[in-house]
Amino acid sequence: MRIREARPGDIPRLGELLVQVCDVHHRGRPDLFRAGGRKYDDRALEALLDDGSHPILVAVDGEDRVLGYAFCVRQSRRGDGALQDLETLYLDDLCVDEACRGRHVGRALYEAVVELARSLGCYNVTLNVWSCNGEAMAFYERCGLRPQKVGLEQIL
């Protein structure tokens with residue numbers, strides 16, 4: 001397995017994996033997520049691949065088949081009256097194909113994200129996890145992440 005930047009030829013496979021992620025969230029929060037939905041359609045994926053502020057990393061096998069992905073967003077905070085100026089790499093989405101879980105693909109992708117953040121001079125890597133996705137929360141905690149802030153809701 002190796003990690004590389006995503007390419008336009010990866011879009012069909014990225015789409016398949018995006019459906020897997022949405023289905024995980026649909027099972028946990030069907031009131032918010034659609035079954036079989038996708039966060040990004042093919043056009044949006046093309047735009048992200050062209051946008052240098054949204055790096056997409058993929059883990060591939062020896063035949064260059066995508067096993068998982070990490071969608072990232074470079075964020076810069078400057079001039080906030082209360083918060084320090086800093087650069088962040090936001091991990092927008094990480095997915096490992098259901099058939100490949102338990103083979104350290106996710107860990108390799110996350111470590112590649114950390115290395116990318118370091119190479120970009122970022123202060124930190126941040127991400128959000130839905131509270132209904134306990135498996136993802138446990139994975140990120142094993143990777144060394146700790147809660148930064150907590151979002152709360154009251155359904156009306």
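This is a predicted model: local features need pLDDT of at least 70, side-chain atom pairs count only at pLDDT 80 or more; totals for chains, interfaces and linings use all residues.
Trainee: Ok, back to Gln 20. Where does it lie?
Mentor: Gln 20 lies in helix H1, residues 11-28. Helices (H or I, at least four residues) and strands (E, at least two) are DSSP runs, numbered from the N terminus.

Trainee: Is Gln 20 buried or exposed?
Mentor: Gln 20 counts as buried because its relative accessible area is 13%. Buried means under 20% relative accessible area, exposed means over 50%, and partly exposed is in between (1.4 Å probe, protein chains only).

Trainee: And what about Ala 47, where is its place?
Mentor: Ala 47 sits in helix H2, residues 42-50. Ala 47 has 45% relative accessibility, so it counts as partly exposed. From the C-alpha of Ala 47 to that of Leu 109 is 22 Å, and these two are 62 residues apart along the chain.

Trainee: Let's zoom out. How many helices and strands does the protein have?
Mentor: There are 4 helices and 5 strands. Starting at the N terminus, the elements run β-α-α-β-β-β-α-β-α. The radius of gyration is 16 Å, close to the 15 Å that the globule rule gives for 156 residues, so the protein is as compact as a globular protein of that length. That radius is taken over C-alpha atoms, and the rule is 2.2 Å times the number of residues to the power 0.38.

Trainee: How many of the 156 residues count as buried, as a percentage?
Mentor: Of the 156 residues, 42% count as buried.

Trainee: Which residues touch the most other members in the largest nonpolar core?
Mentor: Those are Leu 91, Leu 94, Leu 109, Tyr 110, Val 113 and Tyr 140, in a core of 26 residues. A nonpolar core is a set of buried Ala, Val, Leu, Ile, Met, Phe, Trp, Tyr and Cys residues joined through side-chain atoms within 4.5 Å.

Trainee: Which element gives the most to this core?
Mentor: Helix H3 does, with 8 residues. Leaving aside neighbours within four places in sequence, Val 113 is in contact with Leu 57, Ala 70, Cys 72, Leu 89, Leu 91 and Val 125. Apart from this core lies another, of 16 residues, among them Leu 17, Leu 48, Val 66 and Phe 71.

Trainee: New topic: what is phi of Asp 64 near?
Mentor: Phi of Asp 64 is near 65 degrees, a positive value in a residue other than glycine. Most residues other than glycine have a negative phi. Asp 64 is found in the loop between S2 and S3, and with a relative accessible area of 28% it is partly exposed.

Trainee: And His 104, where is it found?
Mentor: His 104 is in the loop between S4 and H3, and its phi is near 70 degrees, again a positive value in a residue other than glycine. His 104 is exposed because its relative accessible area is 60%.

Conventions
Residues are numbered from 1 along each chain as its sequence is written. Side-chain values use heavy atoms; hydrogens and water are left out. Contact means heavy atoms within 4.5 Å.
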